[in-house]
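Visitor: I would like to learn how to read a protein model. Please show me one.

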Amino acid sequence: MRAKIVLGCTDGKDNQQIAAELRVHPDTVSKWRSRFLRLRLGLASEFGGRSGRTR
């Protein structure tokens, strides 16, 4: 569900639209949108980007 919320945000949908589509409360969408932006969550940060010494 969280991934669908984030994908909806990247598609340019507002919280109300996403909440209606996923049948969740708009506050849930707002919470995950803000967490995503604040913590910069995503696949790269979750599963490690490039590791090791920088060039």
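Visitor: How many helices and strands are in the protein chain?

Guide: The protein chain has four helices and zero strands. Helices (H or I, at least four residues) and strands (E, at least two) are DSSP runs, numbered from the N terminus. This is a predicted model: local features need pLDDT of at least 70, side-chain atom pairs count only at pLDDT 80 or more, and totals for chains, interfaces and linings use all residues. Residues are numbered from 1 along each chain as its sequence is written, and side-chain values use heavy atoms, leaving out hydrogens and water.

Visitor: Which residues form the largest nonpolar core?

Guide: In soluble globular proteins, nonpolar side chains tend to be buried together. Here the largest nonpolar core has six residues: Ile 5, Cys 9, Ile 18, Ala 19, Val 29 and Trp 32. A nonpolar core is a set of buried Ala, Val, Leu, Ile, Met, Phe, Trp, Tyr and Cys residues joined through side-chain atoms within 4.5 Å. Buried means under 20% relative accessible area (1.4 Å probe, protein chains only). Buried residues make up 15% of the chain's 55 residues.

Visitor: What does Cys 9 contact, leaving aside neighbours within four places in sequence?

Guide: Cys 9 touches Ile 18 and Arg 33. Contact means heavy atoms within 4.5 Å.

Visitor: Where does Arg 35 lie?

Guide: Arg 35 lies over the face of Trp 32, 4.7 Å from the ring centre. The rule: NZ of Lys or CZ of Arg is within 6 Å of the ring centre and within 35 degrees of the ring normal.

Methods
Buried < 20%, exposed > 50% of the residue type's maximum accessible area, 1.4 Å probe, protein only.
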